[in-house]
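Work through the exercises below with the sequence and the model at hand. Each task is followed by a solution in steps.

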Amino acid sequence: MEGTGTMLAPAAGRKDGQLVAGRYRLASLHRTDDKSEVWRALDQSTQRVVTLEFLRSRDGADRERFVADARRMAAFQQPAVVRVAAIHDDEDATFIVFEDVAAHALPGPGNQEQKVQGPAPIAGSPDPLAVKKIKIGLNEVAPPEPVLEPAAAPEPPSAPEGASESPYEHGLEGLRTVWRARDLALFERSMLKEAAIELLAMARVWLAEQDFETRLRTLIAQARTRAENVDRSGLNAAIASAADSARGLAKQPRVSLPALPRLRVPSPKVSLPRVSPPHVALPSRPRVARAKPAAVPKVAKPHVARTPMFGRVRWRRAFWRGLSLGLIAAVIIVLPAEFVASVGGTLRSAFDQGVQTASTIIEERVKAVTSPTPSLAPATFELPPLSAYKASFESQAAYPTARPNGTVEWVVALRNSGSVGWYRGIDGAQASLTLSDGSSVAVQSTPYVGPGQVGWFVVHFPAPAQPGTYTIPLLPRIDGRGSLPDLGIYAVVTVAAN
């Protein structure tokens, strides 16, 4: 049986010409797979070509299963194609010896095997594997070549009475035996080919015995004879009788049937919707357009706005304001001058303090925008590589507006999509946003942003001097390490004078 898979190399220690078990001379590798390998060999004790199936695995369970299958195949008493000649199992190798029954036996009474004895080997003859090759299946092995002419093979015994004399029994019988054995490993291509040839030959013989052409001609002759022997006189008489009956019916007088009374069955009343008759438009007389008199445009009189003498006066507001001023004047006149001076000083100092606080806040804002980024503290831990830092855009505030040369303030949120956290104020671990020129405009607002968390960035940068709409790109960066991939973040700044 030919192997269909990829041919594997034979196991180490087995090669062509090697003597196995002191009896079998390996001739050629027939097939191999991951479990076993099959060799063609010469049994030097019987001078017959045999097939050796070696087990490649040395595992104990595999050996037991292999030997059990071999014994099960050897249990068949009447092999038709191959038989298990021997089972070898020791520490050196485990293999099965198959012997071709078809090449050394002929079918006889009781399906008993009858050996055909060949010539005995001659002492001193050359190596049997190097003299002559004969083809067994699809592989070639070398049996010994005898020096003397071989004796004539004995004639096969005659078949018993009642036995099948068909010469097409060997391949089909072997195929039947292998099928009963339920072992696909026993199938051989030569056996299948021989069985197919035998089956076709049997079909050809059966078709030749049937003689379909003679049968077809016989059937045609019988049908023609039956058609000629049909009694046409009876058919003609039946046709004539039917014609006479038809003529008699045509000549008979017509019979008038009595008039049947008419019965009036009231039908149910069904109210149908009223359908108005279609409206037919009558042709109208053509109208003659009359000339309209030209319209005279009306000239509006100029409106003269009347200006009051004292203008428009809101008397209620004037009353309350005058009353308030009068009360304040009365209080100042009534209170002593020292008290008024102390209250005025207190109010003036509070006003001055408020102005100073506001100017301080404005200066801090301006310094935060215009001053350089404060120095970062060195990291007290081992910094990961820059590839561990990643960010993705999360959200943003509405696009900002500013005055010329003013300060633009905007808010952006980024998500830490890397595997390490961001640390504010730490060199090599602080996340920030920069302009195209590399100047930092925002850093993370919280001290730590872990992986998967969202960090907020308050952006401050000076607005352009001319009014208009500007697109300012912003780039993420890890201060002290390098820039991160561009996320496409940009601020659309509207600069207006008002």
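The exercises cover a strand pair, a helix, backbone angles, salt bridges and aromatic rings.

The model is predicted: local features need pLDDT of at least 70, side-chain atom pairs count only at pLDDT 80 or more, and totals for chains, interfaces and linings use all residues. Residues are numbered from 1 along each chain as its sequence is written, and side-chain values use heavy atoms, with hydrogens and water left out.

**Exercise 1.** Determine which side chains of strand 16 point to the buried face, and which strand it pairs with.

Solution. Helices (H or I, at least four residues) and strands (E, at least two) are DSSP runs, numbered from the N terminus. Buried means under 20% relative accessible area, exposed over 50%, and partly exposed in between, with a 1.4 Å probe and protein chains only.
- Strand 16 spans residues 454-462, and its side chains alternate.
- The partner is strand 11 (residues 407-416), antiparallel over 9 bridges; strands pair if DSSP finds at least two bridges between them.
- Within this pairing, Trp456 has Ala413 opposite.

**Exercise 2.** Compare the span of helix 3 with its expected value and list its buried residues.

Solution. 
- Helix 3 runs over residues 189-210, which makes 22 residues.
- The expected span is 1.5 Å times one less than the number of residues.
- From first C-alpha to last the helix reaches 32 Å, close to the expected 32 Å.
- Met191, Ala195, Glu198, Ala201 and Gln210 are its buried residues.
- An α-helix has 3.6 residues a turn, so residues three or four places apart point the same way.
- Just after the helix, Asp211 adopts a positive phi of about 55 degrees.

**Exercise 3.** Find what Arg48 and Glu99 form, and whether each is buried or exposed.

Solution. A salt bridge is a side-chain nitrogen of Lys or Arg within 4 Å of a carboxyl oxygen of Asp or Glu.
- The whole structure holds 11 salt bridges.
- Arg48 and Glu99 form one at 3.2 Å, N to O. Arg48 belongs to strand 4 (residues 48-55) and Glu99 to strand 6 (residues 94-100), so the pair ties together parts 51 residues apart in sequence.
- Arg48 is buried at 9%, and Glu99 is buried at 6%.
- Arg83 joins these two in a network of salt bridges.

**Exercise 4.** Classify the aromatic pairs Phe319–Trp320 and Phe381–Tyr423.

Solution. Rings of Phe, Tyr and Trp (its six-membered ring) pair if their centres lie within 6.5 Å; planes under 30 degrees apart are stacked, over 60 edge-to-face, and the rest tilted.
- A search of the whole structure gives 8 aromatic pairs.
- Phe319 and Trp320 are edge-to-face, with 5.6 Å between centres and 70 degrees between planes.
- Phe381 and Tyr423 are tilted, at 5.1 Å and 50 degrees. This pair links distant parts of the chain, 42 residues apart.
- Phe381 is partly exposed at 34%, as is Tyr423 at 31%.
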